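Colleague: I would like to learn how to read helix packing and strand pairing from a model. Please take the features one at a time.

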Amino acid sequence: MSKGSVFDWHLDNFDNIMGSSALNYDVKKSHGHKPTRIMEGDHNGGWALYIGSRYGVRDSTDEYDTIVNLTGNSIFGEYKCHIIPKHFPKLMKYNEVPPDIPQAAEREILLNWPNYGVPHLQFQFWVDLFDQIKYSKKTLLFCLGGHGRTGTATCLLMLASGVQSDGDEAILWLRKHYCSEVVEGSQQRELVNRFAKWLKKGADNGKGR
Ligand SMILES: [Zn+2]
């Protein structure tokens, strides 16, 4: 596990951060995840990324400036498309909001990501999303169970941030420090590893991060 200087990881205190959910590794499928702080940094006065499961986070969504919702169902209504609020200008090019659907709440980024699958998004999206997260004080990312889509997205963001550089290592880190069930199926694991290689290729070419 590499520790980038801009990141203030609290690995020593992880049990405190995790709370009781850290003890629930043996509880299968039905267990939920309350918001768990996974990454943070000092940029722009400080930012932090929390992840969890829909039912684990539902009572505290008001506390976050940015919500990355991977369930495909807005917490404010029913939409089946990527919805990027207008005040995330760097991410607007990923917006799929048809003209007759109003913008969802300003702070919710809603992705259309099939359960157990992978989303239809360019790799650059995850780099741009991470850049955006650095400007939000608190970001909450979640899917239904907090495992497959949430685990995959979190690994992609850890890689985009630079604290992890290897796909499988990112997955193992998250399995150890958040939940042993993250990243579901070969498609999601492959996406994480392909993204890690894509980033590395960019870095090698002097164009990447
Ligand atoms: Zn879990």
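Modeller: Start with contacts: two residues are in contact if their C-beta atoms, placed from the backbone, lie within 7 Å. Helices (H or I, at least four residues) and strands (E, at least two) are DSSP runs, numbered from the N terminus. This is a predicted model, in which local features need pLDDT of at least 70, side-chain atom pairs count only at pLDDT 80 or more, and totals for chains, interfaces and linings use all residues. Residues are numbered from 1 along each chain as its sequence is written.

Colleague: Which residues in α3 meet which in α4?

Modeller: W126, V127, L129 and F130 of α3 meet L156, L157, A160 and S161 of α4. Seven residues of this contact are nonpolar (Ala, Val, Leu, Ile, Met, Phe, Trp, Tyr, Cys and Pro), one is polar and none is charged (Asp, Glu, Lys and Arg); the others, Gly among them, count as polar.

Colleague: How are the axes of α3 and α4 placed?

Modeller: Axes are lines fitted to C-alpha atoms, for helices over the stretch in contact, and angles run from 0 to 180 degrees between N-to-C directions. The axes of α3 (residues 124–133) and α4 (residues 148–161) come within 9 Å and cross at roughly 75°. The two helices are therefore roughly perpendicular (65 to 115 degrees).

Colleague: How many residues of α4 are buried?

Modeller: A residue is buried if 20 or more other C-beta atoms, placed from the backbone, lie within 10 Å of its own. In α4, 14 of its 14 residues are buried, so defined. After α4 comes G162, with a positive phi near 95°.

Colleague: What does α4 lie across?

Modeller: α4 lies across β1, β2 and β5 (138–143), and runs at about 140° to β5.

Colleague: What is the order of the strands in the sheet?

Modeller: Strands of a sheet pair through backbone hydrogen bonds, either parallel or antiparallel. Two strands count as paired if DSSP finds at least two bridges between them. Here an open sheet of five strands runs β1-β2-β5-β3-β4, with mixed pairing. Its edge strands, β1 and β4 (108–110), each pair on one side only.

Colleague: In which sense do β1 and β2 pair?

Modeller: β1 (residues 36–41) and β2 (residues 47–53) pair in the antiparallel sense over five bridges. E40 stands opposite A48, and T36 stands opposite I51. Their hairpin has five residues between the strands, and N44 takes a positive phi near 55°.

Note on methods
Angles under 35 degrees count as roughly parallel, over 145 as roughly antiparallel, 65 to 115 as roughly perpendicular and the rest as oblique. A residue is buried if 20 or more other C-beta atoms lie within 10 Å of its own, exposed if 12 or fewer, and partly exposed in between; C-beta atoms are placed from the backbone.
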